[in-house]
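Have the model open beside you as you read.

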Amino acid sequence: MNSNPRKVGYVVKRYPRFSETFVVNEILAHEAAGLPLEIFSLRPPVDTHFQDLISRVRSPLTYLSCGRVKANELWDALNRCAAMYPRTFAAMDGLQGEDSLDVYCGLQLAIEVEQRGIGHLHAHFATSAAAVARIAARLAGITYSMTAHAKDIFHDSVRAEDLAARIHDAAATVTVSDFNLHFLTNSFPHCRDRIVRIYNGMHLNDFLFQPPVDRPARIVAVGRFVEKKGFTDLIDACAVLRDRRINFECVLVGSGDLEQSLANQILRLQLSDHVAMAGPCPQREVKQLIYDSAVMAAPCVLGEDGNRDGLPTVLLEAMALGTPCVSTDVTGIPEVLRHNETGLLVAQNAPEHLADALQQMLQDTDLRIRLSTAARLLIEREFDVVRNTEQLRAMFHESAGSAPQSWQEVWGPLSLVGQ
């Protein structure tokens, strides 16, 4: 990067979000490296709890909407944008089918781009945030990039033509696993040279390794209470362990749509003496709970709607902290949780096999130490946020330097999926 990097705008759907620590980790690393940064959120937050590290972010934050837009507000934004960018109405010609709220946010963001001197936009998730970044970049004549995770690629609600348009127009698309990279480059071969895998990183100094020697017989699982997290299978596995008369307790940390269903399952299986639901907790409390547990369980599954985890951040955090992990063969997880090398891997939707792996971890201290030591080395090698955000900043700089020279370049023909 040069000594005066162009300001980058980070675009997200909601900020802050309790579960999206990876976004905050990136922002903090960029700030530490001196990258001028502004955050743009399409909507205000809805979470009731936030992670402590949010307070360390210093970049300005702008909300682009309140979650709805009236017709007169849309027209007003359009006219203000046209006063700034004379080709605005011509540019709108290529935005048929876009959600009206995304168009409004895109107009608002394009105005902010000019007023705040932003040279490049980066969106997290290839859905509405990327749509807004694409619209704003199109209007302002700058570049944008995006990070695609999992739901924004695989969920049944993802329209292939929308994803194709966003990848086609992006200066670069980042994704968070080799599994995703393979899928995207095969699906969009015309853009394969602009799709790259950069793992989500973490601040390793905040995750000090402690060997799992004298740990309580505790299983910990952290995540939103939604289908893809596989907590239903974990509770079934706990019933298997109970029936085997294994000494253990299991703590589920989080909240979500399945909270009552999971609570009912615990009651139905008479597991209240073994399984507790702790609700959402600040990261410092989650870290301490991980330190105080013999094993982390991440029994992820492929949801009926196609939703799945890309690479759960909490799994990486447990590996960094020294708590050995048991997880499933879903998406990018086997890239880091290598069976009997950096953790134990089982098939998804297999509670009996999950129980077998958890029992091994609970009862074999030497196994826990061997796997956790190798896991920490892998995390240091692949998931250092300082190193990984250096790659992102180099990409931002290169992308901003290749801004379109003409509107024809911006509005070039769209290649469809698979062509």
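Buried means under 20% relative accessible area, exposed means over 50%, and partly exposed is in between, using a 1.4 Å probe and protein chains only.

## Ground rules

This is a predicted model, in which local features need pLDDT of at least 70 and side-chain atom pairs count only at pLDDT 80 or more, while totals for chains, interfaces and linings use all residues. Residues are numbered from 1 along each chain as its sequence is written, and side-chain values use heavy atoms, with hydrogens and water left out.

Helices (H or I, at least four residues) and strands (E, at least two) are DSSP runs, numbered from the N terminus. Contact means heavy atoms within 4.5 Å.

Let's start with R166, which lies in helix α7 (residues 160-169). Is this arginine buried or exposed? R166 is buried, with a relative accessible area of 9%. Not counting residues up to four places away in sequence, R166 touches E98, A126, T127, A130, A131, R134, Y144 and M146. A polar atom of the R166 side chain lies 3.5 Å from the backbone oxygen of T127; a polar contact is a pair of N or O atoms within 3.5 Å, where within protein one must be able to donate a hydrogen and the other to accept it, and residues adjacent in sequence count only if both atoms are side-chain atoms. R166 and L208 are 42 residues apart along the chain, and their C-alpha atoms are separated by 38 Å.

Two packed helices are described by the angle between their axes and the distance between the axes. Here axes are lines fitted to C-alpha atoms, for helices over the stretch in contact, and angles run from 0 to 180 degrees between N-to-C directions. The axes of α5 (residues 128-140) and α7 come within 10 Å and cross at roughly 45 degrees. That makes α5 oblique to α7, given that angles under 35 degrees count as roughly parallel, over 145 as roughly antiparallel, 65 to 115 as roughly perpendicular and the rest as oblique. On the α5 side, A130, A131, R134 and R138 meet A165, R166 and D169 of α7. By class, this contact has three nonpolar, no polar and four charged residues, where Ala, Val, Leu, Ile, Met, Phe, Trp, Tyr, Cys and Pro count as nonpolar, Asp, Glu, Lys and Arg as charged, and the others, Gly among them, as polar.

## α12 and its two partners

Helix α12 (residues 313-321) and helix α15 (residues 365-382) have axes that come within 7 Å and cross at roughly 115 degrees. α12 is therefore roughly perpendicular to α15. The contact is made by L316, M319 and A320 of α12 together with S372, A375, R376 and I379 of α15. These residues divide into five nonpolar, one polar and one charged.

α12 also packs with α11, at an angle of about 55 degrees and with the axes 10 Å apart. That makes α11 oblique to α12. Q283, K287, I290 and Y291 of α11 meet V314, E317, A318 and L321 of α12, a set with five nonpolar, one polar and two charged residues. Within α11 (residues 283-291), the buried residues are Q283, V286, K287, L289, I290 and Y291. Their cover includes α1, β8 (218-222), β9, β11 (295-298) and α12.

N25 sits in helix α1 (residues 21-32) and is buried, with a relative accessible area of 5%. Leaving aside neighbours within four places in sequence, N25 is in contact with L53, G201, M202, H203 and V385.

P211 lies in the loop between β7 (195-197) and β8 and is partly exposed, with a relative accessible area of 44%. P211 and I369 are 158 residues apart in sequence, yet 6.1 Å apart in space, C-alpha to C-alpha.

## Backbone angles to check

Most residues other than glycine have a negative phi, and most peptide bonds are trans. Which bond is cis? The peptide bond from Y15 to P16 is cis, with omega near -10 degrees, and P16 lies in the loop between β1 (7-14) and α1.

R245 has a positive phi, near 65 degrees, in a residue other than glycine. R245 is in the loop between α9 (231-243) and β9 (249-253) and is exposed, with a relative accessible area of 77%. N349, not a glycine either, has a positive phi of about 60 degrees and is found in the loop between β13 (344-346) and α14 (351-363).
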